[in-house]
Every structure is written in C-alpha cells, then in structure tokens.
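The sequence and the model come first.

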Amino acid sequence: QMTRLAIVGFGGYGWNLIQAINQVQDEVGCRLVAAADARLAALPEKAQELAAAGVELFSDPLAMFDALRGKCNAVYIATGIPTHAPLAIAAARAGYHVHLEKPPAGTVQEVDAMLAALDAAGRFCLVGFQALHGDDIRFIKERVVSGRLGRVKTLACRAGWPRDRAYYTRNEWAGRLRVGDTWVLDGPATNALAHQITNSLFLASPEPNRLATPVSVRAELYAAGPVESHDTAAIEIHTAEGPVAWFLASHCSEANFGPIIEIEAERGRVVWSMRDGAQVRYADGAEESCPADNGAPKMVANFVGAVRANDRSLLRCDLVEARNFVLALDGAHESSGRIHRIGAEHSRVVGEGAESRTVVPGLDELLVRAAQQRCLFSDLADTPPWAVTTEPFALRDYRSFPQSFR
C-alpha cells in the first residue's frame, strides 16, 4: 500500500527532504500528501509547486496533524532546533511515526520526553542523519561489525567549514545557546558537522544500527566570531564500547577542508572523507575502497520501509540511538563549562557585509595536528595562546542539561 507522508517546515532544509522523497517515491511506494510551514505566506513559489503536485498546505502544523488523522502514516519534522521536541511530541500523540531532522534536540531531557511520548503512542522516530545511510559509511560499518577490521581503537575527525555572517543571520536560533527557555547550543558540533560525531559513534559500535555510548567527554568549546555559542570545537569522547573519538572542527578556519575521519583499528586503518568516501588499508596489506555517497534517498527508503512494516528495529538511526549523540554534545558543554572567547587579537575579519567572516590565523594547522595527535588544543606541545584546559565530564546516569555549564 502507498505510505502517505507529511512534512513540517519546507522553507529551508525541508525542501531537500521533499526532493529526496520525490526521487524515491515510485520505487518505495510513498508520497507526500501534506506540508505545513508557519511562514507559508512568505513561500509563494514553493507553496505553488507543492499545491500543483496535489500536496495539501497548512500554516499550522498542529492543525495539519489533526486534519490528517487516519489519512497519513508519518510526519517529517524539518523545522528549527528549538521546535523539534514540542512538534515531535505532538506528532506522536496524534498517532504518527516521525522523521526528525538533526540534531534531534539540544538536551537529553528533551530526547527523553520525545521517547516517552513515542513509546506511549506506540510510534517510533528516525533521526535524519543521512550520512549513516550512505554506502561509504555503511561499507566501513560492515567491516567493523563483521570483525574484518578487528576492534576499533580510535577515531579522529577534522574539518574546517568557514561560515559567514549570512549563515548566522538566516534564522533566529543560528549561533545561539538558547532561544527563550529552550537550549539550542547551535554550532559546528551540534549542527553543520553533527553528522561526523554521529558517524564516529556509529563506527565505534560493533553492533548493527547502534551508536557507541559516551561515558565521559573532555571538550574545549570556543567562539572567535560574533556568536553566543561555539564556532570552534575540540571534543574527546570515551565510549562504553572502548573506542575513543576526537572531533576537531571550526567555522573560523581559513580554508574549507574535510570532514575527514581517520580510524585506527586492530587490523587496519580507515580514512573517510565526505568528498572521496572510504579507503581501508588492512594490516595484511589488502586495500578496499567505496566512493562517497549521499544517503538521503536511502534514508527515505529506510524510514518508509520501517513505517510500512511497523517495525522500529529496521531503523538505521532510531532516536534511542541518536540520544548518544545528544549525550556527547551535552557532555562537551558540561566539560567546557562555558564558551571560551578567542580574543580579537587572535582573529581577523575577512570580507564585507553578509559575506564577512571571522578567521583565526593558524587554526587550520591546529585542527589537523590535534586530529593527527589525537588530542585537544590545550594538549598540543606549542599550545595556542587562547586555548583553555578543561576537565573530563562523566556521563553515566546523566539525565539533565545543564549541570556545570553556564
């Protein structure tokens, strides 16, 4: 039977999700029947295109949830971070399975509230980490799960993703720690490069479709630009499964590079990059590779398949697993204690107007070196003058953010 889908939020990233749904709808037997956006009046061209395709339009998502009861199987939520939890909870209570855009939320308590509502309604939720569905990441995961690579020991991700003022002024929550009473914690670790922390946790677990569980995090979160939250992150995650993951990323790099994840395992090394996919070199001399793959169409197929079978075990990124990503993120903020400013004397502004951006000279090399040495900025032999030493934060039985972050 046809699986009927609805979406909340199509002005931004949601539009990409609609393209992915359209791309596979005939193949997997689904179609988009409704779309809601609070800014409906400001999106005339997209609204017209959707209406022409027979999609029913709403300006109020809750009204859409009500109107579609019994006529729709699942809802995509592609709105801003602060609205994720309330909308996912409302969708579950109205009887829908949910696809929730990443990051699922800023705090573990919001994730737990969503899980409770989903469980009570007998519904499930896939989190939109599309990279986990790509052939290249799944190729590495298969070699971890099968034991071909042996035990994973360490993983290190590095990325320089410059972002300009326009990026931070695109909505009311970009670069913010909180909006009203809701923690957003927006920044490269939370949002633009969140996929890479999730990929690292996914590849650190030897179990299919599971993410490794963070047990302690040591992190240094910095801001060089005119933002409230971090724009530069150095994070070390210790997992219950054993592997340790490092994440070194910034929106204030001079060059655009990565993300690149390097994995050290008992029986080989893996280098993954978003551009080139996966390269594996085994200790016995054998080599394998898999080209880069955007997993978005496969993510739609995975979600629709699970909805049709009403079987959450089919989900490749269940909200239960994605909680481990949020746990690592909350732990990083707790360990950092606050967002540490990189003073103006250590940065400069390039470009003008909406295209102006903050750059920290020398940061590109620091990101690469810390990733190679598996350490944070403050651990480097020639520590940058702005680096701050922090303590590990234990996450066993962690239930609520914040505790030591201010």
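Which residue in E6 is the bridge partner of Val 98? The partner is Cys 125.

The model is predicted, so local features need pLDDT of at least 70 and side-chain atom pairs count only at pLDDT 80 or more, while totals for chains, interfaces and linings use all residues. Residues are numbered from 1 along each chain as its sequence is written, and side-chain values use heavy atoms, with hydrogens and water left out.

**Strands**

Helices (H or I, at least four residues) and strands (E, at least two) are DSSP runs, numbered from the N terminus. Two strands pair if DSSP finds at least two bridges between them.

The pair Val 98 and Cys 125 belongs to the contact between strand E5 (residues 97–100) and E6, where three bridges join the strands in parallel. Both strands are part of an open sheet of six strands with parallel pairing, in the order E3-E2-E1-E4-E5-E6. The edges are strand E3 (56–58) and strand E6 (125–127); each has a single partner strand, so one side of each has no neighbour in the sheet. On average, neighbouring strands of this sheet are turned by 25° against each other, direction ignored. Such angles are taken between axes, which are lines fitted to C-alpha atoms (for helices over the stretch in contact), and run from 0 to 180 degrees between N-to-C directions.

Strand E10 (residues 214–223) is mostly covered, with ten of its ten residues buried. Buried means under 20% relative accessible area, exposed over 50%, and partly exposed in between, using a 1.4 Å probe and protein chains only. The pairings of E10 are listed below.

| Partner of E10 | Bridges | Sense |
|---|---|---|
| strand E11 (residues 232–239) | eight bridges | antiparallel |
| strand E20 (residues 393–394) | two bridges | antiparallel |
| strand E17 (residues 340–341) | two bridges | parallel |

Individual residues place these contacts along the strand. Ala 219 has Ile 235 in E11 as its bridge partner, and Val 217 has Phe 393 in E20. Tyr 222 stands opposite His 340 in E17.

A hairpin is formed by strand E15 (residues 277–282) and strand E16 (residues 287–290). These two strands pair in the antiparallel sense over four bridges, with Glu 288 in E16 as the bridge partner of Val 280. Four residues lie between the strands, and Gly 285 takes a positive phi near 100° in this hairpin.

**Helix packing**

H5 and H10 pack with their axes 9 Å apart and at an angle of about 165°. The two helices are therefore roughly antiparallel to each other; on this scale, angles under 35 degrees count as roughly parallel, over 145 as roughly antiparallel, 65 to 115 as roughly perpendicular, and the rest as oblique. Their crossing is left-handed, a term that applies if the near helix is turned anticlockwise from the far one by less than a right angle, with right-handed used if clockwise.

**Salt bridges**

Side chains of opposite charge can pair when their charged atoms come close. A salt bridge is counted here if a side-chain nitrogen of Lys or Arg is within 4 Å of a carboxyl oxygen of Asp or Glu. The count comes to 22 salt bridges.

One of them joins Arg 69 and Asp 66 at 3.3 Å, N to O. Arg 69 is partly exposed at 47% relative accessible area, and Asp 66 is partly exposed at 48%.

Another joins Arg 312 and Asp 119 at 3.4 Å, N to O. This pair links distant parts of the chain, 193 residues apart: Arg 312 is in the loop between helix H9 (296–309) and helix H10 (319–336), and Asp 119 is in helix H5 (residues 108–121). Arg 312 is partly exposed, with 31% relative accessibility.

In the salt bridge of Arg 158 with Glu 262, the closest N and O atoms are 3.6 Å apart. Arg 158 lies in strand E7 (residues 152–160) and Glu 262 in strand E13 (residues 257–265), so the pair ties together parts 104 residues apart in sequence. Arg 158 is buried at 12% relative accessible area, and Glu 262 is buried at 14%. A network of salt bridges links Arg 158, Glu 262, Glu 264 and Arg 269.

**Cysteines**

How many disulfides does the structure hold? It holds zero disulfides, a disulfide being a pair of cysteine sulfur atoms within 2.5 Å. Cys 30 is in no disulfide, and the nearest cysteine sulfur, that of Cys 72, is 11 Å away. For Cys 72, the closest cysteine sulfur is likewise that of Cys 30, and 11 Å is too far for a bond. Cys 30 is buried, with a relative accessible area of 1%, and Cys 72 counts as buried at 8%.
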